[in-house]
Amino acid sequence: MSKSSVPISSTQRGNVSVHDLKPITPLGAADPRVDNVGPLTLTEVTSVALASVAARLGSEEATRKTLGELIGAEAPAPSRHTGDMLLAFWTGPDQWMVEAPIATHEDLAHRLVAAFGSTASVTEQTDAWCRFDLKGDDYPAVLERLCAIDLGNWQGGEVQRTTIDHLGCFVLARDARTLSVIGPRSSAGSLHHALITACRSVF
Amino acid sequence: MSDKNRLNGGLIERNRPMSFTFDGKRYSGYAGDTLASALLANGVRLMGRSFKYHRPRGPLTAGSEEPNAIVELRGGARKEPNTRATTAELFDGLSANSQNRFPSLKWDAMAINDRLSTFFAAGFYYKTFMWPAAFWEKLYEPMIRRAAGLGTLSHEPDPDCYDKGFLHCDVLIIGAGPAGLAAALTAGESGARVILADEDFLLGGRLNAETGLLADEDGVAWAAQAVARLRSMPNVRVMPRSTVIGAFDHGVYGMVERVSDHVAEPAAGKPRQILWRIYSKRAILSAGATERPIVFENNDRPGIMLASAMRSYANRWAATPGKAVAVFTNNDDGHRTAADLHAKGVKVTVIDTRPDAGVSPDYEILSGAQVIDTKGRLGLKSVDVQLSSGGTRTLFVDGLGVSGGWNPNVHMTCHQRGRPQWEETLCAFVPGGTMPTGLIPAGAAIGAFSTHAALNSGQDTAATALGDLGLTVTRPDLPSAEDAPVRVASFWHVKGAKRAWVDQQNDVTAKDVKLAHQENFTSVEHLKRYTTLGMATDQGKTSNIAGLAIMAEVTGKQIPEVGTTMFRPPYTPTAIGVLAGRSRDKDFRPVRKTPSHYWAEEQGAVFVEVGMWLRAQWFPKPGETHWRESVDREVLQTRKSVGVCDCTTLGKIDVQGADAAEFLNKIYANGFAKLAVGKTRYGLMLREDGIAMDDGTAGRLAEDHFVVTTTTANAVPVFRHMEFIRQCLYPDMDVQLISTTEAWAQYAVAGPNSRKLLQKIVDPEFDISNEGFPFMACGEITVCGGLRARLFRISFSGELAFEIAVPTRYGDALMRRLMKEGKEFDVTPYGTEALSVMRIEKGHAAGNELNGTTSAFNLGMGRMVSKKKDSIGSTLSERPGLNEEDALKLVGFKPVNAEHKVPAGAHLMTKGTPVDAAHDQGYITSACYSPNLGCHIGIGYLKSGDTRLGEVVRLVSPLTGVDHDVEVVSAHFVDPEGERLRA
C-alpha cells in the first residue's frame, strides 16, 4: 500500500484514526457474542488485527528473519503458530498470517509493510475473518463433530486448515483449554451456528 | 397370551418391565428385549406379510440380516418403515405396526396374489401389463405403484437432527464378538488408539447367545468383563449401537451410531444418529458369520427360523416360538440349538440330512431325513418329514430351526470390488482377492468358526496390525474355549418343491431361479436382477448362496464358477437423514452476508441468493406492490441523481510482487504492463482454448501492487485459475496472490450527483474532481475523518460512478453515512435488479454473455486480445473456428411493437426463413424492461450482428409461443458516446 495518483497525507493521526464510523462485529452486533454451553464457553473474538505476509521471490530468508524479529521467535514451520504480542501462523509455503491486538495495532498491515519493505507482500486481513474461541477442557468432544482434525495427536502450538460445515477455516490450539476457529467473515453467522449446534449436541 | 412363551434365564432385565404396542395391541416385555423377542415371548409369531405374495411371515433371524419381521416403528413424523423388529431395542411406550397388509396382518386381502402366483413369477412385468397401451399410465402404473413397496412414509419432514463426526485411530475393530474382543484387548493393552464398534447394544457377539463356549467361565460374564476392561482404557473407544456401513478409500470407514433410537425421543438438541467418518491406519473385520437356511417346501411360515436364531432367542432373550420345536440341519452346529432348547424345557426333535447324525439321550434325531412340507398358514403347526427309510412322519411343532451351515460375513471386503473365494470344506465363501487398504478380516469372518479359533484369530490379526504400525505387542491371556471342528454336508435344497423360498424378502422361489436359467439369465448378475434375488433391504444375506447353489446345479457348474455379485455400502439400511447431517433446510449450505446486510434488512429489502451470498435484489418502498415499481424507481432515480449499491461480493484479488504487471499481462488478453499507477483498466480473461472466461477491472495502486476484480460467480474459479498459473506455469515470476473479497466492504455510488455525495465523506485533502480523479482513476484515500479507504472511478451503470471500499467492519456505518449525507440528493439504495437493468441499458457484458461458448470476437472485443504479448488463450483465440465470417456478434434488440417483451433465451431468425435450427441466427442473452426507454430491451448474439444494425429480425421461442419482430440496434442503449462516464 503506497503511492496513488492523489496526494495522501498521513492516514493516521498518531496511532489512532479519529474518524467517527462505528464498526460492527461479524455477527452484526455492536459487541462480540459469548455463549455458555455446559462446561464450554464459545466467545466471539473481535479484538485481533490480522495481516498476511508472503515472501517475495528470492527474499524468503529475509522475510523469515524479519518475521522472527517481529514475533520474538523463529518463523513458524508448517502447521505451527508461535509468537507473543505479535503471533504468526503458517498458511502456505513462505506465507504466514500475523495476529496482534487491535487496540495497539489497528494499523498492523501498515506497520508490517514498513518492516518488510520489498522483501514480502502484505495485505490487511483483519476484516476478512471472524474468530470464535472454544474454552474448556472438553472442546475435543465438540471439534470431532465438526472437522477431521486429529486433536488426539496435537501436543500444543498446532494450527491446521480444515473445512467446517463447508467453510474453509483455520483451527489453532492456543493452549490446553482454548481452541480458536478462524473462518470467513461473511459466513460468521453460519459458522457460529455450526459451532453452537455442535456444543449443544455434545453437552 | 402374555409371556406364554417366556423361558427362564436370559440377559433381559426382569426388574425393568416395559409396555409396548404392536398393531394397536398392548404387550409387555423387559429392558434388553428386542421387539421381535418380546413378541415371541408373548406368543406372537406372525409379524409381517411378504412383498409380492403377502404370505404370512415371522422372524427368520435374530439380527440385522432379517428379511421378514420388518415393521413401521413409531408414529407421526418419526414413523420409520422397514425397521427390523429383530434389532429394534424395546423401550417403554414403543409403538410398532406391521406393514404391507390390508386391512390387517391376520386377514390381508392382497394374499390373493399367493393364489395367482403363476402370474407373478420372476420377471412377470416383462411379460404382462402390455396391452392395451392406453392402460399403462392410467391403470397399470398407479396399480403397481400402490402394490409395490413395503412400508409407507409419514410424508412429514423428519423432526430429528443428525450429526456428522470424525474419528481417528490406529486400529478400527469392526464387530465385538470373541474375535473382535480379543483383538481389542490386544491392541488396547499394546497402547494403540483403538475404536471398537458393534451394531448390537450388548457387546459380545455369539458369546451372549450360546452356552458352553468357554471352558472355565460363562461366556456372557467374560464378554462383560472384557468390555469393562476396554472401557477403562483411555486409548480405547467402545461404540455399541454403531454399524460400520462401508469401507471407503485409504482406510476411511463410514459408521452410523444410533444415539437415540432406543429411547422414545431424542433429548432436546441431541442427534438421533451420528454418521462418523473414521480415519484408520488398520481395520480388523471381525464381523462374524451369518447362518444360512435350507430351501424346502413352505419353508417360510411364522415360527420357522434359523437354528442359531432359535437358540439366541432362548439363551439371550428367554423366548421360544413354542413349547415343541424341531431342528432341520445338515451340520453339527444345528444340534447346539436342540441341546439349548431342551435345557430350557422345550421339547425338541432333530431332522438331520446326514445318514450318520448320531443319537442323543435328550432328544430324538432322525438321520438321513428331510423336511418336505410344513403346515400352518398364520403360524407353523406341523412339519412333514421324509425319513431315510422312505416313509414320512408328521411332527406337531410350533417352531422349526433350520441350519444349512454358516456364511462368513465377507461383505465389507468386497466394497472395493474384491471377490470372495469358495472354501469347499466350509461350503462357504471366505474373503479373497484384494482387500480394501489396511483391512484384515478375522474370526468367523474368515471361517475360523470355533470360539477358540475366533479368539486366537482376533489376537493374531491384531498383532499383525500392530506390527505393521511399529508398535510392541502385548498379548493378554485368552480364556480356554471350545474348538469344535466344522462338519457340514453340502445340502442346499429339497428337490421337487413347488413353493420353496430362497429370498424371503423379495419372495423369490427355487422355481424362479430355475426359470431364470430357462430364460437364459444364467450369469449371477442376471440371476440377481431378473429374479430380484438379493436386491431387498437385507441384500440377500440369508439367500444369496442358496440361489447360487441352485443355479450351479441346473447349469451343471460348481458354485465358485457361478460366482457372487458385488456387495456395496451401506451394509445395512441407512437413513437418508444421517447422510445429510445438519445440511438441511436453511442450513443446507452456509450463507454469506454482505457488510450492508443488516442495514438492508432494516430497509425491508428483498434478498436473492447469488451462490452462497444473499444480495439485496430491490428495496421496496411503502405502497409499492410489484417489484417492477421498485426496480424502475431505483433505476430512474440513480440515473437522475444518485444511487448506492453493495458490490462487495465481486471478487477482489490482491496481486503484488516485482512481476505483478507482467503476471497480469499473462492472465488478461489485453495489456496491463503499461497501466499507470493510480489507474484502473477493464480486463478480459480467456480460457486456454480462447473462450472468454471472466471480466473485471484491475487497479494499480503501486508499481508492484494491483487489485484485480472478478464477477461474483467467478471469484473462486478465477482465484484458483490465477494460483494455478502462478504456481505451475510461471513459478519463476515474483508474484503473490491473496483474496481480499471479504476484507473490504465495497459500494458503487452512481449517478450525476455521485461525486457531490462522495465529496461529503471523502476527507478534504483528496481531490476527486474530474481533473483530480478522472475516469478510471484509483487510489488510497481516507473518509469520515481518517478511516482508510480505496476509491475506484469505474462504472457498470454507465453513469458517472465510483466504487468506494473500507474495511468490512465499517461497511454498515459507511452505508448509513452515505444515506444520511445523500438525503439532500434523494439518494436511493439499489439492488441487483436495478444493477442489471442499468448494465443492460449500457450494453455491458456479464455472466450471461460470457457463457462458456463465446469468445472476445463474439463480444465485439476481438481487438482487445493483444498480439504484442502472449497471454492465456490468445493463441487458440485465433483458431479458424472462433473467427468465422458470420460469427455471432453481441448487439442490442428493441421490439418493433413497444408492447412486446424480449425473453432471454429466445432465438433470432432472419425474416422470411424457416424457423428451425439450421436457420438459427443467434439468441438473446440478457433482457429487461428499460424504464429509460419505456419498453423491453435485450442484448444477445446475432450472426454478423455488427453489420446488421437497423435490420428487423424475428424473435422466436417456439416452446412458449413467442414470435414477433425486433430491431437490431447497438447494445449501448443509454449514453452510447460515454459522456456521462467522463463527466
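Reader: How many residue pairs are in polar contact across the interface of chain B and chain A?

Author: Glad to start there, and please keep in mind that this is a predicted model. The side of chain B that touches chain A has 32 nonpolar, 17 polar and 24 charged residues. For polar contacts across the interface, both residues must be at pLDDT 80 or more, and the number of pairs found is 30.

Reader: What area is buried between chain B and chain A?

Author: The contact involves 73 residues from chain B and 62 residues from chain A. Carbon and sulfur atoms give 49% of the area buried between the two chains, and that area is about 5,200 Å².

Reader: Which residue forms a salt bridge with B:Arg788?

Author: Between chain B and chain A the count is 9 salt bridges. In the bridge of B:Arg788, the closest N and O atoms are 2.7 Å apart, which is within the 4 Å cut-off. The partner is A:Glu124.

Reader: How many salt bridges does a search of the whole structure find?

Author: Salt bridges can also be found inside a chain: the side chains of A:Glu61 and A:Arg64 meet in one, at 3.4 Å from N to O. Both of these residues lie in helix 1 (residues 60–71) of chain A, 3 residues apart, about one turn of the helix. Over all chains, the search finds 78.

Reader: At what angle do helix 4 and helix 8 of chain B pack?

Author: Helix 4 covers residues 178–189 of chain B and helix 8 covers residues 451–468. Helix 4 passes helix 8 in a right-handed crossing. Their axes are 7 Å apart, and the angle is about 35 degrees.

Reader: How many nonpolar residues are in the contact of helix 4 with helix 8 of chain B?

Author: Helix 4 of chain B brings residues including B:Ala179, B:Ala182 and B:Ala183, while those from helix 8 include B:Leu455, B:Gly458 and B:Leu466. The residues of this contact include 4 polar and no charged ones, and the nonpolar number is 9.

Reader: What is omega for the peptide bond from B:Pro569 to B:Pro570?

Author: B:Pro570 is in the loop between helix 12 (559–562) and helix 13 (576–580) of chain B. The bond is cis, with omega near 0 degrees.

Reader: What is phi of B:Ala318?

Author: B:Ala318 sits in the loop between helix 6 (307–315) and strand 16 (324–329) of chain B. Its phi is positive in a residue other than glycine, with a value near 50 degrees.

Methods. Residues numbered from 1 in each chain as written. Chains lettered and ligands numbered in written order. Predicted model: local features only at pLDDT ≥ 70, side-chain atom pairs only at ≥ 80, totals over all residues. Heavy atoms only, no water. Axes fitted to C-alpha atoms, helices over the stretch in contact; angles between N-to-C directions. Helix = DSSP H or I, 4+ residues; strand = E, 2+ residues; numbered from the N terminus. Left-handed = near helix turned anticlockwise from the far one by under 90°. Contact = heavy atoms within 4.5 Å. Nonpolar A, V, L, I, M, F, W, Y, C, P; charged D, E, K, R; others polar. Buried area = accessible area lost by both parts, 1.4 Å probe. Polar contact = N/O pair within 3.5 Å; in protein donor to acceptor, adjacent residues only side chain to side chain.
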